[in-house]
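Thanks for asking me to look this one over.

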Amino acid sequence: NVDEFQRARGLRIGFFRLMLQAAAKRARAVIAPSRYLARIVEGWGVTGERIWVVCNSFASPDHEVDVLPDVELPPAFAQGFRLITVGRLVPHKQLTDIVRVLAKMRDAKLVIVGDGPEWHKLQLLIEELGLADRVFMTGRLSQQKGWGLLTRYSDAMVLNSTYEGMPHILLEAAHFGVPVVATAVGGTPEIGRDGETGLLI
């Protein structure tokens, strides 16, 4: 991840870091979506007055929430405590850890929204742990359908990343009043207040 890249040693990584620093230093301005990333850019030798923090945002629905498109979930998901996680299925999102924790919870269900290289690994783990009736993978969805799931079928949003710049999905969850459980990494703590808008772990 980005933090590891900053500290890593070695000829190849050193070369890439040098190229990155050289490009950033030549820029008139660097726009970062979070204070966390602004500090990273400062570490590349860019002076503070050339770094602009412009936080991520999103355009909320221009119509009532109850007309958002529906997503058909298995009947078992009509009851119980329902968790949702949304994002690209990549290793740094640590989705396998979420599935393993779910296996230890009673009656909790998990909806995984997204697609990516970890899809088959997750499917195998879900089968191996006998969670096919409690974990549902939707694949990639439109933003509107994702919002429909957030508003209708989510008791909490889970984000278990090792790195985030300024996650859009947490802004969306906050907008729709869905509590969040997220790792306190990158720009995430700039969105959520631990114990108020959710839990930072």
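Which residues of helix α5 (residues 119-128) are buried?

1. Please keep in mind that this is a predicted model. In α5, the buried residues are W119, L122, L125 and I126. They sit on the same side of the helix, because the arc they cover around its axis is only 130 degrees. As a reminder, an α-helix has 3.6 residues a turn, so residues three or four places apart point the same way.

2. Now turn to the other face of α5. The exposed residues H120, L124, E127 and E128 lie on the face turned away from the buried side.

3. What covers the buried residues of α5? Among the elements that do so are α4 (95-103) and β5 (135-139). Just after α5 comes G130, with a positive phi of about 65 degrees.

4. The largest nonpolar core has 22 residues, and those touching the most other members are I84, V111, L149, L150, M157 and L170. Two or more residues each come from β4 (109-113), α6 (143-153), β6 (156-159), α7 (168-175) and β7 (180-182). With four residues, α7 gives the largest share.

5. Leaving aside residues up to four places away in sequence, M157 touches I84, T85, V86, I169, L170, A173, V178, P179, V180 and V181.

6. Finally, do look for another core, which lies apart from the largest one and has 18 residues, including L89, V99, L110 and V135.

Technical notes. Residues numbered from 1 in each chain as written. Predicted model: local features only at pLDDT ≥ 70, side-chain atom pairs only at ≥ 80, totals over all residues. Heavy atoms only, no water. Buried < 20%, exposed > 50% of the residue type's maximum accessible area, 1.4 Å probe, protein only. Arc of directions from axis to C-beta. Contact = heavy atoms within 4.5 Å. Core = buried A, V, L, I, M, F, W, Y, C linked by side-chain atoms within 4.5 Å.
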